[in-house]
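Let us walk through this structure, one set of contacts at a time.

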Amino acid sequence: GTVYSVLKERYEKSMSGDASGSDDVLEVILINSSNMYDIIGNDMLGSSKFTKICNQYKGLGVLLILADLPNANIGFGMTPVIRGIKDNMDILLFRSAKDQKVVDMPSSMVASAKKKTSDDDAYYVHSSEITRVRVPSRE
């Protein structure tokens, strides 16, 4: 079935006390097109399912990879898909913290990660913490 139906089934099992799904495989959703954020956000059913995945099903073995995000402040006018990033997700930044606009970061956090030292650097943002991480290069 679809990722959504798999997660829905896992949720229903967990609500009934069935722990048999504890070793389920990780379901991965990759959105790698800036147009898809608008498409999902403008479709009532798609937006509802995406919100449910981000909120209700997030602890059930799902990984959302949202790439090609616009580098803009997330505000009221953004689609629900993009607004959900601010509250529900850990972020891996591939630009300097001072140049990104997607998440609000305290100035102390930005100061600790304002400059990338190489193309192999990224920043992992979780809650109020930022950590420099190394990423494999394509060499």
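Helices are DSSP runs of H or I with at least four residues, strands are runs of E with at least two, and both are numbered from the N terminus. Axes are lines fitted to C-alpha atoms, for helices over the stretch in contact, and angles run from 0 to 180 degrees between N-to-C directions. The model is predicted: local features need pLDDT of at least 70, side-chain atom pairs count only at pLDDT 80 or more, and totals for chains, interfaces and linings use all residues. Residues are numbered from 1 along each chain as its sequence is written, and side-chain values use heavy atoms, without hydrogens and water.

Start with helix 2 (residues 34-42) and helix 3 (residues 44-55). Their axes come within 5 Å and cross at roughly 100°. That makes the two helices roughly perpendicular (65 to 115 degrees; under 35 is roughly parallel, over 145 roughly antiparallel, the rest oblique). Ile40, Gly41 and Asn42 of helix 2 touch Met44, Gly46, Ser47 and Phe50 of helix 3, where contact means heavy atoms within 4.5 Å.

Now the rings. The whole structure holds two aromatic pairs. Rings of Phe, Tyr and Trp (its six-membered ring) pair if their centres lie within 6.5 Å; planes under 30 degrees apart are stacked, over 60 edge-to-face, the rest tilted. Tyr4 and Tyr57 have centres 5.7 Å apart and planes at 50°, so this pair is tilted. Tyr4 lies in helix 1 (residues 3-15) and Tyr57 in the loop between helix 3 and strand 2 (62-66), so the pair ties together parts 53 residues apart in sequence. Tyr11 and Tyr57 form a tilted pair, at 5.4 Å and 45°. Ring pairs link Tyr4, Tyr11 and Tyr57 into a cluster.
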